[in-house]
Amino acid sequence: MRLFLSFILFVSLATTAARAQSYADFVEKSYDYLDKNDLISAEESLRAAMRLEPGNPNNYALLMNLGTIQRRQGKLQDALISYTASLSQQPNDETILENRASLYTEMGELEKAMSDYNTLLALNPHHQDALYCRAMLYLQQKNYVLAEEDFEKIVEVNERSVKGRVGYAILEKLRGNYTESERIYNFLISEMPREWSLYEGRADLYFLMGKNGRAMTDISRVFAESEPTASLYVLRGKVKLAQYEKESAALDFKKALEMGYDKEVIDELLKMTL
């Protein structure tokens, strides 16, 4: 009985201590945990704040942050629920719409992503990131006309926009206008020689053009100067395949798989290394 009473006393003291922490305390702790990259504790702190004050008008922001934390943990469905709950409180918030649209894209829900970007652009027709992301979705659908319209709008809003000009380079590459695409990449790289994504884009173009030596030069520079992406490992593997370096190509494809690249794509590529 004494042990049981001690347990009750412990629970009572713990409950009192928890109540002593305010809504703001829990929110502040979530930031502290994020600084330490403790995503699980950050998530729980935000939940604790909302449990303490479920009617707080700022909960839409906590739900958005919660969704981002869950997304970083790979809990995409939970993140979607959080973003959607946040939007239910602030349906015209551009940041939440952008976050959910990009999450839908990550989840392969492209039509839903397109719907969110359309809503966002109806609210703010000059939102450059939304225009770029919608254009990239159009490119996946091979709707080059609408993609070009969005890239044009970006450049109209900001004539020095990197994304707008990169978009044109990608568009011309997909259209098979390799010379024009190369011209754009060369210009951008001359203006921004340390923008490593440009080298990856140009390397992919060179690979399509059959210029594997030039492709490998660009790829090697990114590997030497920056943190390579999974897609860059895949591209290097493809170039190596073209150069009959099958064993080395397989290692790159397996590394890309470890980094989260689509397994079905990697499986098909690995078959070519046998």
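**Reading helices, loops and contacts**

Tutor: Let's start with a pair of helices: H12 and H13 pass each other in a left-handed crossing. Left-handed means that the near helix is turned anticlockwise from the far one by less than a right angle, while clockwise would be right-handed. Helices here are DSSP runs of H or I with at least four residues, numbered from the N terminus.

Tutor: Before going on, keep in mind that this is a predicted model, where local features need pLDDT of at least 70, side-chain atom pairs count only at pLDDT 80 or more, and totals for chains, interfaces and linings use all residues. Residues are numbered from 1 along each chain as its sequence is written, and side-chain values use heavy atoms, with hydrogens and water left out.

Student: Got it. At what angle do helix H12 and helix H13 pack?

Tutor: The general idea is that two packed helices are described by the angle between their axes and the distance between the axes. In this case, H12 (residues 196–208) and H13 (residues 212–225) pack at about 160°, and their axes are 8 Å apart. The axes are lines fitted to C-alpha atoms, for helices over the stretch in contact, and the angles run from 0 to 180 degrees between N-to-C directions. H12 and H13 are therefore roughly antiparallel to each other, a label for angles over 145 degrees.

Student: Which residues in H12 meet H13?

Tutor: Contact means heavy atoms within 4.5 Å. On the H12 side you'll find Trp 196, Tyr 199, Glu 200, Arg 202, Ala 203, Tyr 206 and Phe 207, and they meet H13 residues including Asp 218, Ile 219 and Arg 221. The residues of this contact between H12 and H13 divide into 8 nonpolar, 1 polar and 6 charged.

Student: How are H8 and H9 oriented to each other?

Tutor: Helix H8 (residues 128–140) and helix H9 (residues 144–157) pack at an angle of about 160°, with 8 Å between their axes. H8 and H9 are therefore roughly antiparallel, and H8 passes H9 in a left-handed crossing. Among the H8 residues in this contact are Leu 131, Tyr 132 and Leu 139, while Phe 151 and Ile 154 are among those in H9. The residues where H8 contacts H9 divide into 12 nonpolar, 1 polar and 3 charged.

Student: Is Ile 154 buried or exposed?

Tutor: Ile 154, in helix H9, counts as buried because its relative accessibility is 1%. Buried means under 20% relative accessible area, exposed over 50%, and partly exposed in between (1.4 Å probe, protein chains only). Not counting residues up to four places away in sequence, Ile 154 touches Gln 128, Leu 131, Tyr 132, Ser 161 and Gly 164.

Student: What should I look for in the loops?

Tutor: Lys 142, in the loop between H8 and H9, has a positive phi near 60°. At 62% relative accessibility, Lys 142 counts as exposed. Tyr 244 also has a positive phi, near 65°, and is found in the loop between helix H14 (230–242) and helix H15 (246–258). Tyr 244 is exposed, with 72% relative accessibility.

Student: Which residue's side chain is joined to Lys 240 by a polar contact?

Tutor: A polar contact is a pair of N or O atoms within 3.5 Å; within protein, one must be able to donate a hydrogen and the other to accept it, and residues adjacent in sequence count only if both atoms are side-chain atoms. Here, the side chains of Lys 240 and Asp 252 are joined at 3.1 Å. Lys 240 lies in helix H14 and is buried, at 10% relative accessible area.

Student: What about Ser 82: which side chain does its own side chain contact?

Tutor: Ser 82 makes a side-chain polar contact of 2.7 Å with Gln 70. Ser 82 sits in helix H5 (residues 76–89) and is buried, with a relative accessible area of 5%. Leaving out residues up to four places away in sequence, Ser 82 touches Leu 63, Leu 66, Gly 67 and Gln 70.

How values were computed. Helix = DSSP H or I, 4+ residues; strand = E, 2+ residues; numbered from the N terminus. Parallel < 35°, antiparallel > 145°, perpendicular 65-115°, else oblique. Nonpolar A, V, L, I, M, F, W, Y, C, P; charged D, E, K, R; others polar.
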